[in-house]
Amino acid sequence: MNIKALVIFLCIGLAGCSTVSPGGYYWGKYSYTYHDLLKAPGEATIAAHEATLQDIITKSKEKNLRTPPGIHAELGNLLSNAGRNDEAVAQFQAERDLYPESAVFLQRLLVKQKPGVEK
């Protein structure tokens with residue numbers, strides 16, 4: 001195999017391993033940890049999925065990409081289920097700020113978390 005063909009093969013292979021979707025979102029290991037969470041819910045899989053969601057948020061900022069829709073809301077839901085309501089509210093508000101079209105749905109979640117939140 002000549003060098004040119006090897007370089008082309010490596011470029012295609014590396015491009016196929018990208019975790020940035022065609023829409024310009026970074027998804028990281030989302031599908032793997034979400035699948036594990038659905039398949040065997042428990043403390044370990046919840047913690048792994050929470051870490052993945054945090055990683056998606058962090059890496060999206062580093063790559064100057066918009067956080068994928070629903071990531072902040074899903075993280076907020078996990079935090080809410082763990083009793084970390086202040087952190088959950090911050091994530092719901094971040095989702096609402098990024099995706100204003102989700103405001104009605106997120107407002108309902110915010111009201112459940114913190115009765116004093118404005119409507």
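Is Y34 buried, exposed or partly exposed? Y34 is partly exposed, with a relative accessible area of 32%. That value comes from a predicted model.

**Confidence**

The protein averages a pLDDT of 84. A score of at least 70 is reached by 76% of the residues. Helix α1 (residues 3-16) has the lowest mean pLDDT among the elements, at 50. Helix α3 has the highest, at 97.

**Aromatic pairs**

A search of the whole structure finds three aromatic pairs. Two of them are set out here.

| Ring pair | Centre distance | Plane angle | Class |
|---|---|---|---|
| Y25 and W27 | 6.4 Å | 75° | edge-to-face |
| Y30 and Y34 | 5.6 Å | 10° | stacked |

The classes follow from the plane angles. Planes over 60 degrees apart count as edge-to-face, so the 75° between Y25 and W27 puts that pair in this class. Planes under 30 degrees apart count as stacked, so the 10° between Y30 and Y34 makes theirs a stacked pair.

Ring pairs link Y25, W27, Y30 and Y34 into a cluster. Y30 and Y34 both sit in helix α2 (residues 30-39). They are four residues apart there, which means a separation of about one helical turn.

Where do the cluster members stand on burial? Y30 counts as buried because its relative accessibility is 17%, below the 20% cut-off. W27 has 27% relative accessibility and counts as partly exposed. Y34, at 32%, is partly exposed too.

**Nonpolar core**

Y30 also belongs to the largest nonpolar core, which has 16 residues. Which members touch the most other members? They are Y30, L53, I56, I71, L75, F92 and L106.

At least two residues each come from α3 (43-62), α4 (71-81), α5 (85-98) and α6 (103-113). Which helix gives the most? Helix α4 does, with five residues.

**Packing of α2 and α3**

Two packed helices are described by the angle between their axes and the distance between the axes. For α2 and α3, the angle is about 155° and the axes are 9 Å apart. Angles over 145 degrees count as roughly antiparallel, so α2 and α3 are roughly antiparallel to each other. Their crossing is left-handed.

Key:
Residues numbered from 1 in each chain as written. Predicted model: local features only at pLDDT ≥ 70, side-chain atom pairs only at ≥ 80, totals over all residues. Heavy atoms only, no water. Phe/Tyr/Trp six-rings, centres within 6.5 Å; stacked < 30°, edge-to-face > 60°. Buried < 20%, exposed > 50% of the residue type's maximum accessible area, 1.4 Å probe, protein only. Core = buried A, V, L, I, M, F, W, Y, C linked by side-chain atoms within 4.5 Å. pLDDT = per-residue confidence, 0-100. Axes fitted to C-alpha atoms, helices over the stretch in contact; angles between N-to-C directions. Parallel < 35°, antiparallel > 145°, perpendicular 65-115°, else oblique. Left-handed = near helix turned anticlockwise from the far one by under 90°.
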